[in-house]
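Reader: I have a model open and want a quick tour. Can you take me through it?

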Amino acid sequence: MKYGFYPGCSYKSEAGYKESVEAVCRVVGIELRELPDWNCCGATSMISMNAEGAHLLTARVFALACKEGFDAVVTTCNACYTALRKTRKILEADPGLLTDINHQLVAEGLNINLLPKVRHLLEVFYQDVDAAAWTGKAPAGIADITVAAYYGCQLTRPWGDLDHPERPQMLDDFIKRLGYTVIDHSAKTLCCGASHFFPYQEQCRPLIEKIIGEARRKGAHMITTLCPLCQLNLDAGQEIRKGPPMPIPYFTQLAGLALGIPPDTLGLNKLLIPMDILLRKFR
Amino acid sequence: MIYEKPRIGVYICHCGTNISPKVDVEAVAQFAAGLDNVAVARDYKFMCSSPGQEFIVTDILEKGLNRVVVASCSPRMHEPTFRRACEKAGISPHLFQMANIREQTSWVTADSVHATQKAKDQVAAAVSRVAGHAALTIREVAVQKSILVIGGGIAGIQAALTAAEAGYDVYLVEREPSIGGHMAKFDKTFPTLDCAACIMTPKMVEVAQNPKIRLFSYSEVVGVSGFIGNYTVTIRQKPRYVDGIKCTGCGECTKVCPVTTKSEWDMGLGQRKAVYRSFPQSVPNTFCIDRRDRAPCTVSCPAGVNVQGYVQMARKGDYQRAYDIIRETLPLPGVLGRVCPHPCETVCRRAELDDSIGIRELKRFVADQIDPATLPIPEIIENGKKVAVIGSGPAGLTVAHDLRRRGCGVTLFEALPKLGGMLRTGIPDYRLPSAILDAEIDVILRLGIEARIGVRFGQDLTLQDLIDEGFDAVFLGIGAHGALRLNIPGEDIAEGVVDAVRFLREVNLDEGDWTTMIGKSVTVIGGGNVAVDAARVARRLGAASVTVVYRRSEAEMPAYLEEIVDAETEGIGFAYLTAPVRIVEKNGKVTGLECVRTELGLPDDSGRRRPEPVNGSETVLPCDWVIPAIGQRIEAPWAQDLPDLTWTLGGTISVAPETLQTSIPRVFAGGDAVSGPASVVEAVAAGHRAAEAIYTSVVGGQWKDNGDKPKIANLNSQSENPDYLPIPDGLPLAMRRSPSHLDPAESVQSFAETGLGLSENDARSEAERCLNCGSCCECRSCEKSCEAGAIDFNQSEETVEVVVGAVIAATGFQAFDPTPMTAYGYGIFSEVYTSLEFERLNNATGPTAGKILMKSGKPPQRVAIIHCVGSRDRHYRKYCSRVCCMYSMKFAHLVREKTGAEVWEFYIDMRSPGKLYEEFYNRVQEEGVHLIRGRVAQVTDIPDHPEDAGRLVVVAENTLARRVLRVPVDMVILSVGLEPAAGSDAVSRMLGIQRDADGWYNELHAKMAPVKTAVAGIFLAGCCQGPKDIPDTVAQASAAAGEAVSLLSKGTVRTLAEISYIDPDRCSGCRTCIDMCSYSAISFDEGAGVAVVNDALCQGCGSCAAACPSSAAGIRHFEDCQIMAELDALA
């Protein structure tokens, strides 16, 4: 299976996201073809400051996908996912704007002939890959590890079509499919503070505490995320937190472990809160 | 009819200031005066008033008018008024026409010049139309002085009592087992805090006792036809399986019922038995058995064993009763508990949750608890008939058992020295110990069955001998004891080849010297259970190595997986995709088996992929013994002596499928001899069917040679959408208990039984996992416990037809289901309740006996009540449900009073209009309830402070204080709104009444006719018309009864005159109109070849007139010429 891949700005520098995505995709037979010369999506900030510029920025990514012949763009970041979907929705509803943008893209020889679909890698793993591909290789003892699935605020909202906007289930089901024990909890879609963490630490710390505290209360050994910003905030934000640390692996890292890929290949050593104690549960 | 030139009077109404001054009424009157045929035209302030009507009457009388037009409001509003005025003056009410210049003109036209012009056009059209009107015949018909009330809540009860008091016969239909509706579930009622039961139950009792009321509980109206004054109503009564006259309501049945499920009456917070009564004050006070479709396990059992029944008895520890239930349809419980292929487990619904119930092991456990020798011999009433049963396998034993129990003399003939057939010779002792088989056969023989062993049919005994001996019927249950041949070279070698059937038979009967197998190498050919049995027996006889050779792969192997697994643990090898080519010999002794590797090709007739040999892959498997086990056939060397017996191409006995009778009269056959090799339980099933057929024909006297064949009832019919008890949410997973097994190393040393059965603890836990799909498990414990003899499992659904003059719909409401509003956590957090759930929690007959307790059993310290859940919300129900503010405050008061807990009420607006309602609001405020104006955003279990862990946090904006509140509480009550009751749409369709966009029934007029509907003779009471509280409901119900009584008290009603007719000269007899008519008012006159309208049934809808291809159908008062005249004037 071949997909047009939009990695987004934080993908490569993040704690093992790239390593684990690549390792897992290799095993389950997914080819992510990075769009050449891609640019920043503008995230949520640009669209609120300069909507026109933000649309053009994102539209260029769509045009690149069209050029490469992809009918879908896969992302690994919730902020990219929501920024791309937002622009796509606006362009879909406003053919005039799309024409304007296409005029501007001509300078680069680009054109959006068909708006590509926007998909998160989780969706691809869960829906496109045969469920059997994830099972059978899990190390013994995997069911002893309890995981809280954390979706963040931008994957299911405001769309509500990928999953339930308030009580999503897809990541829970995926992690369950891998063989882990999944813990239900009430912080699945709470905001982690996102990009506000640096300017507003005081206000953001309680948000992190809420998510980690909830997962701990419900008995989770770890929280798995599917967004680099969530991961960074929850992982680094525990620095001055009281209480036992909570590892924050990516869903791709947990998938890799379940497929029997060695921890180092998955970049697990890059997590700030180490997973070592937990990995010993594997027999 | 004498033609009369039209003389028309036209009257233009000002309607106060509603029509004039927007319409220049004087100008319109002036215009009208100039129209053709108009004799007089006037305008007046209120035409509908007494002086207004007087103009019309006087003009008709004095000016000789014969037609009238009034231009005013809508016909729905005042057409009857003006028609009455016409009648009063002596002209037909149908010689009147109305022009609606208010709703259609003055209210909706901005410009007064345009409005006046439009009004003139309308008047011209009406004048043109009325000229062509004809006086129609108005008939009066007698009415039925009886009333149907649909729904037995407080509205239906009140309406029924009021009408009955007036002397009318009332039929009250309620779909639940008890009347009472929602109100009977409440504890207190606002604002006076009367106890709901105290004011409700006397009325319920009155309904039961009033001789004028006939109550149909647990019943539904399924059809309404007819017309005002004469409605024919079809009522379907669901069976309660309890006789309402005999039942004393003592409740002994619930004590013995093993099935427990959630109580719908207690909103799932409490439990009830499968035999139950909603609440102790139920009316009628008759119990009811919740009997649904039979559980899939029972339906799937070829022998029809009531699986759910014996599983429940095992759960209760009543093993004797469990055994009895099994034995009702299965004479060999211990045998089948060991060797049944358990189709029941395949269909078990528990597998949707975790894993199927271990049903066969439970059967074995139950059988192991009972010593068959202790079973009493039932009394047998001899019927004097004699039946010979040939063969003592499972089919023959079942036939013998069934027929003997029913009084036939039965003689069993068995060729071998021991009884049991294939059970004896085919199944090795380690799977089925002979002691078990002996004991169960003994029970059957003890019924008084003669067994003649060592008598071979066709050799020692012929059919003629049996006829001579006076047998009335013969059953051939001879089994399939011959082996199929391999047809490969070397098969007839003297030493070292033995077919599996013979091999197993001889070992089982202790014949032959099998010490020759010790230390030898054995190859078994085949993939069925017989092959695996032979292999495991060979291993037990001391063979050093045993290999099973099978030409397909493991997936296609027909042997049961558990047998294969057991064989593997015993060290038996399996060579798949290997086919035998020839048996290799040396000096007349087997030395090996030459095999070829196979590959699987396309599927063959059996659906399995055909093995195809791979050329050049031949190898020789060295071995001392070859045991072919490739299939069995019927052995009947006597066949040529019985030329009348027909055989199938497959070599089995040919029988009539329904009766199992062979081509020879009075000779029946079943089991493997008919089906080919099959399972024990299938043979038992065949035995039951044959016994039934033999009994019906031989004893029942239905016998006609090959003619009138007795029919066998189908034991198990499966409905398409089975109604099973739902699997409860949040049921904890429980893994299946497996029995222990002998250690394989030990088990291969002897023929001791390998399976050790379940322990009692495991068996009880296993039975505990049963989901009780059918609800009632038909164990019939209640039947035994009922001293009044009220339990009646033979009840069936009944349909009753009644004729009534009027119908009162009182179908009520249902509470909004807040599950989709995930932010409020209903169904997620256990301490979030709906208001109806809280009513039960608060009720003295509820699950907590009226104590307000959390699931933990402790009283709450802080309670939140959230208003408008599902109401006033454009995503769900946009309207206000009217009762929630008041009942929420009632809850607040009760929580304060009973627990002293802090109460936080979150409201949008407080709505307390009603007598003493505002006063109640003030009282609750004074009781210290926190009233927060603000809609709740979220209920979460994430605490803000560690000390609140375990509580729920309610997040809301206090819009008066302009700040966000986060209130930790122990319990949340969602004040859910009201919506139309499920099924009310079907009732509205049956009655032909309209519903509004929200689904509530439409009243005829919001103010002036609040309990009438647009269909004459059908009235509304209670919440079916819209949300309302108890006082309003009772008032409206009394009003509905009053309207119905007032309609019927005259004794006659006028029938509709504007109905259709069919011109017989034009009718082509195509019958299109008959299909179109929703009222079944058109029938076909076969003699004349034309369609005929029944004037009494026609509702004047006009479908026939529109559909008629030859324009033979028309509708009076809406004739083409009349409508065209109206349009012509507008053009």
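**Peptide bonds, sheets and the interface**

Author: Start with Pro21(B), which sits in the loop between strand S1 (8-13) and helix H1 (25-33) of chain B. Helices (H or I, at least four residues) and strands (E, at least two) are DSSP runs, numbered from the N terminus. The bond between Ser20(B) and Pro21(B) is a cis peptide bond, with omega about 10 degrees.

Reader: Hold on, what am I looking at, and how is it labelled?

Author: This is a predicted model: local features need pLDDT of at least 70, side-chain atom pairs count only at pLDDT 80 or more, and totals for chains, interfaces and linings use all residues. Residues are numbered from 1 along each chain as its sequence is written, chains are lettered from A and ligands numbered from 1 in the order in which they are written, and side-chain values use heavy atoms, with hydrogens and water left out.

Reader: Fine. What is the peptide bond from Val283(B) to Pro284(B), cis or trans?

Author: Cis, with omega near -5 degrees. Pro284(B) is in the loop between strand S15 (275-276) and strand S16 (288-289) of chain B.

Reader: And the phi of Arg780(B), positive or negative?

Author: Positive, about 65 degrees, although Arg780(B) is not a glycine. Look for Arg780(B) in the loop between helix H25 (760-768) and helix H26 (781-785) of chain B.

Reader: Sheets next. What is the strand order in the open sheet of four strands in chain B?

Author: S24-S23-S22-S29, with parallel pairing. Two strands pair if DSSP finds at least two bridges between them. Strand S24 (573-575) and strand S29 (625-628) of chain B are the edges, each pairing on one side only.

Reader: How many bridges link S22 and S23 of chain B?

Author: Five, between strand S22 (residues 521-525) and strand S23 (residues 545-549) of chain B. There, Val522(B) stands opposite Val546(B) in S23(B).

Reader: Which way do the strands pair in the sheet S11-S12-S32 of chain B?

Author: Antiparallel; that open sheet has three strands. Strand S11 (219-227) and strand S32 (798-804) of chain B each have a single partner strand, so one side of each is left without a neighbour in the sheet. S11(B) and strand S12 (residues 230-237) of chain B share eight bridges. Gly226(B) faces Tyr231(B) in S12(B).

Reader: Now the interface. How many residues does each chain bring to the contact?

Author: Ten from chain A and eleven from chain B, where contact means heavy atoms within 4.5 Å.

Reader: What area is buried between chain A and chain B?

Author: About 800 Å², with carbon and sulfur atoms giving 54% of it. Buried area is the accessible area (1.4 Å probe) that two parts lose on being put together, summed over both. In chain A, Arg167(A), Lys210(A) and Arg217(A) lose the most area to chain B, together 52% of what that side buries.

Reader: How many salt bridges between chain A and chain B?

Author: One. The rule is a side-chain nitrogen of Lys or Arg within 4 Å of a carboxyl oxygen of Asp or Glu. Asp941(B) forms a salt bridge with Lys218(A), the closest N and O atoms being 2.4 Å apart.
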